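Here are some notes for a colleague who is opening this structure for the first time. Please keep the sequence and the 3D view at hand while going through the points.

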Amino acid sequence: MAGRRCLLALFLLLAALGTVRAAPLDSTLDLVTGNDFAPFTGEDLPQGGLLTEIVRRAFDEVGLHYEVRFMPWRRGYDGVLAGKFLGTFPYVRTPDREKEMLFSDPLLEVRQLVYLSVHSSMEFRTPEDFRGRAVCAPVGYALPPDLAELAASGGLTRESPADLPACVRMVASGRVDAFLIDEFTGQRAVAKAMVEDEIRIAPLPYARAGQHLILARATPEAAAILAAFNAGLKKLKAGGAMEEILRRHLSEAP
C-alpha cells in the first residue's frame with residue numbers, strides 16, 4: 001500500500017508539472033457539488049455552472065478526470081469527510097472547515113453582499129448591526145466567522161431551511177431580517193423568486209471571499225491532488241481560458 005501511494009504521489013507531481021497526461025491511477029471517487037447556486041453550480045446550468053466548468057477544466061489541464069455529482073450540500077460535504085467522494089466545491093474558508101478540509105487556491109473571489117428584507121428596519125455597516133437580528137443560512141452554508149460566533153453566543157438567531165430559495169422567501173416575507181451570499185448568486189436567486197420589490201441590498205459589501213475546491217484532510221494524497229489541481233488552475237488562467245469561461249457564464253446573469 002505504501003508503495004502504491006508513493007507511485008500515485010509521483011504521478012500527481014508529474015501531472016502538476018505537465019509531464020504526463022493520462023487518467024489518474026485511482027479515479028473511482030467522484031467530485032460533488034450542489035444545486036440552487038447559479039451561476040456557479042447547478043444541474044440545470046450549462047456545463048453544470050461556471051465553477052463546475054472551471055474545476056473540470058483545471059483537472060483536465062493536468063490530465064486528471066473526475067465525474068461531478070449534484071446532491072444536497074450537507075450530504076456532499078459529509079460524503080467527502082466519509083471518503084465517499086474525492087472533494088466538493090465551492091466552499092469559503094471557515095475555522096471549522098479548515099480543521100477537516102484542505103483548500104485549493106481560489107477558484108474565484110467574490111463580494112459577499114447583505115440582502116435585507118424591506119419589512120425590516122435593519123441597516124448594515126458593521127457585523128454588530130446583526131446583533132438581535134434573525135439571519136437565514138441554508139443547511140450546509142456557513143455564516144462568516146464573526147456572525148457564526150455571534151449566533152453561537154445567542155447574539156443573533158440563525159434560521160437554516162433546506163435551500164437558498166427558502167431563505168429568499170423568508171427574507172422577502174419579513175420572517176427574517178437578512179441573508180448573506182455573493183452578488184451573482186443573490187441576484188439570480190432574488191430574480192428567480194420574483195421578489196425584487198421585497199428585498200434590498202445593503203450599500204456596503206460584507207466582505208470578499210474566495211471560493212475553493214476542498215478535500216478531506218484524511219484523504220490519501222489529498223495534498224498532492226490539490227497541488228496538481230492548483231497547477232491546472234494556473235494554466236487555465238495563464239492561457240486566457242478563465243476569462244472566456246467567466247465572460248460566457250456571467251453574461252447570462254439576469
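Among contacts in the protein chain between residues at least 6 apart in sequence, what percentage join residues at least 24 apart?

1. The model is a predicted one, and in it 74% of the contacts between residues at least 6 apart in sequence join residues that are at least 24 apart. The protein chain contains nine helices and 10 strands, and of its 254 residues 50% are buried.

2. In soluble globular proteins, nonpolar side chains tend to be buried together. Here the largest nonpolar core has 76 residues, and the members that touch the most others are Leu-31, Phe-59, Val-114, Phe-130, Phe-179 and Ile-199. Helix α8, which spans residues 222-238, gives the most to this core, contributing eight residues.

3. With neighbours within four places in sequence left aside, Leu-31 is in contact with Val-55, Phe-59, Tyr-66, Glu-67, Val-68, Arg-69, Leu-86, Gly-87, Phe-89 and Leu-213.

4. Leu-233 belongs to helix α8, and because its relative accessibility is 1%, under the 20% cut-off, this residue counts as buried. Beyond four places in sequence, Leu-233 contacts Ile-54, Ala-58, Asp-105, Pro-106, Leu-107 and Met-242. Pro-106 is 127 residues away from Leu-233 along the chain, yet the C-alpha atoms of the two are separated by 9.1 Å.

5. Ser-104 sits in the loop that runs between β4 (101-103) and β5 (108-117). Not counting residues up to four places away in sequence, Ser-104 touches Arg-93, His-212, Leu-213, Leu-226, Phe-229 and Asn-230.

6. The last point concerns a pair of helices. Helix α2 (residues 50-61) packs with helix α9 (residues 241-250) at an angle of about 160°, and their axes are 10 Å apart. Since angles over 145 degrees count in this way, α2 and α9 are therefore roughly antiparallel to each other, and the crossing in which α2 passes α9 is right-handed. On the α2 side the contact is made by Leu-50, Glu-53, Ile-54 and Arg-57, while α9 brings Ala-241, Met-242, Glu-244, Ile-245, Leu-246, Arg-248, His-249 and Leu-250. Sorted by class, this contact of α2 with α9 has seven nonpolar, one polar and four charged residues.

Definitions and conventions. Residues are numbered from 1 along each chain as its sequence is written. This is a predicted model: local features need pLDDT of at least 70, side-chain atom pairs count only at pLDDT 80 or more; totals for chains, interfaces and linings use all residues. Side-chain values use heavy atoms; hydrogens and water are left out. Axes are lines fitted to C-alpha atoms, for helices over the stretch in contact, and angles run from 0 to 180 degrees between N-to-C directions. Helices (H or I, at least four residues) and strands (E, at least two) are DSSP runs, numbered from the N terminus. Angles under 35 degrees count as roughly parallel, over 145 as roughly antiparallel, 65 to 115 as roughly perpendicular and the rest as oblique. A crossing is left-handed if the near helix is turned anticlockwise from the far one by less than a right angle, and right-handed if clockwise. Contact means heavy atoms within 4.5 Å. Ala, Val, Leu, Ile, Met, Phe, Trp, Tyr, Cys and Pro count as nonpolar, Asp, Glu, Lys and Arg as charged, and the others, Gly among them, as polar. A nonpolar core is a set of buried Ala, Val, Leu, Ile, Met, Phe, Trp, Tyr and Cys residues joined through side-chain atoms within 4.5 Å. Buried means under 20% relative accessible area, exposed over 50%, partly exposed in between (1.4 Å probe, protein chains only).
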